[in-house]
Amino acid sequence: MSASCFPFEQTIVAPPRGVTEQERRMIAAFEVDQVFKNATEVNGEHVLELDPFIKVMSSKMVAQDKDEEIRQVFLAFDTHCRGFLTLDDLLRACSQVAPHIPRHRMEAAFREVDSDGDSRVSYRDFEYMMKYSLDDRM
């Protein structure tokens with residue numbers, strides 16, 4: 001299966017555009033501040049040690065990798081390249097990787113993820129489900 005059936009492909013591979021002044025300010029306010037909050041001052045200059053920098057950047061890279069993993073799982077389920085999943089898509093995939101899960105449990109899970117009740121799970125719903133944590137409920 002190719003990634004070409006992914007419904008958001010255009011936004012993923014869109015050509016780079018220039019950064020607006022407002023975006024520059026946001027980057028400076030958030031990203032740079034986050035990286036440099038661990039910097040120390042030496043002779044009046046801010047010095048960033050490698051370990052804190054790697055820690056901050058690693059967390060960002062892990063988040064990006066997780067999003068790519070979610071896209072790949074969605075594509076594996078969306079064998080018809082429709083941009084959404086049906087209950088049949090879920091049943092077919094689970095029958096191959098988890099045949100011991102009862103059908104009624106998969107149906108209940110599907111209904112839970114199908115936020116608008118249209119019998120389709122959009123990529124957005126799927127992504128939310130994949131990122132959902134029990135800690136988010138607290």
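## Surface and core of a predicted chain

Leu-50 counts as exposed because its relative accessibility is 57%, where exposed means over 50% relative accessible area, buried under 20%, and partly exposed in between (1.4 Å probe, protein chains only). The model is predicted, with local features needing pLDDT of at least 70 and side-chain atom pairs counting only at pLDDT 80 or more, while totals for chains, interfaces and linings use all residues. Residues are numbered from 1 along each chain as its sequence is written, and side-chain values use heavy atoms, with hydrogens and water left out.

Leu-50 is placed in helix α3, residues 50-77. Together with Phe-53 and Ile-54, Leu-50 forms a nonpolar patch on the surface, with about 280 Å² of accessible area in total. Such a patch joins nonpolar side chains (Val, Leu, Ile, Met, Phe, Trp, Tyr) within 5 Å, from residues with over 30% relative accessible area and no salt bridge; a salt bridge is a side-chain nitrogen of Lys or Arg within 4 Å of a carboxyl oxygen of Asp or Glu. Accessible areas come from the Shrake-Rupley method with a 1.4 Å probe, and for residues only the protein chains shown count as cover.

The chain has six helices and four strands, in the order α-α-β-β-α-β-α-α-β-α. Helices (H or I, at least four residues) and strands (E, at least two) are DSSP runs, numbered from the N terminus. Of the 138 residues, 21% count as buried.

The largest nonpolar core has 14 residues, and those touching the most other members are Phe-74, Phe-77, Leu-85, Leu-90, Met-106, Val-121 and Phe-126. Two or more residues each come from α3, α4 (87-97), α5 (103-113) and α6 (123-131), and α4 gives the most, with four. A nonpolar core is a set of buried Ala, Val, Leu, Ile, Met, Phe, Trp, Tyr and Cys residues joined through side-chain atoms within 4.5 Å.

There are four aromatic pairs. Rings of Phe, Tyr and Trp (its six-membered ring) pair if their centres lie within 6.5 Å; planes under 30 degrees apart count as stacked, over 60 as edge-to-face and the rest as tilted. Two of the pairs are listed below.

| Pair | Centre to centre | Angle between planes | Type |
|---|---|---|---|
| Phe-74 and Phe-126 | 5.4 Å | 65° | edge-to-face |
| Tyr-128 and Tyr-132 | 5.9 Å | 50° | tilted |

Phe-74 lies in helix α3 and Phe-126 in helix α6, so their pair ties together parts 52 residues apart in sequence. Both Phe-74 and Phe-126 are buried, whereas Tyr-128 is exposed at 57% relative accessibility and Tyr-132 is partly exposed at 33%.

Technical notes. Patches are made of residues with over 30% relative accessible area and no salt bridge: like charges are joined within 9 Å, nonpolar side chains (Val, Leu, Ile, Met, Phe, Trp, Tyr) within 5 Å.
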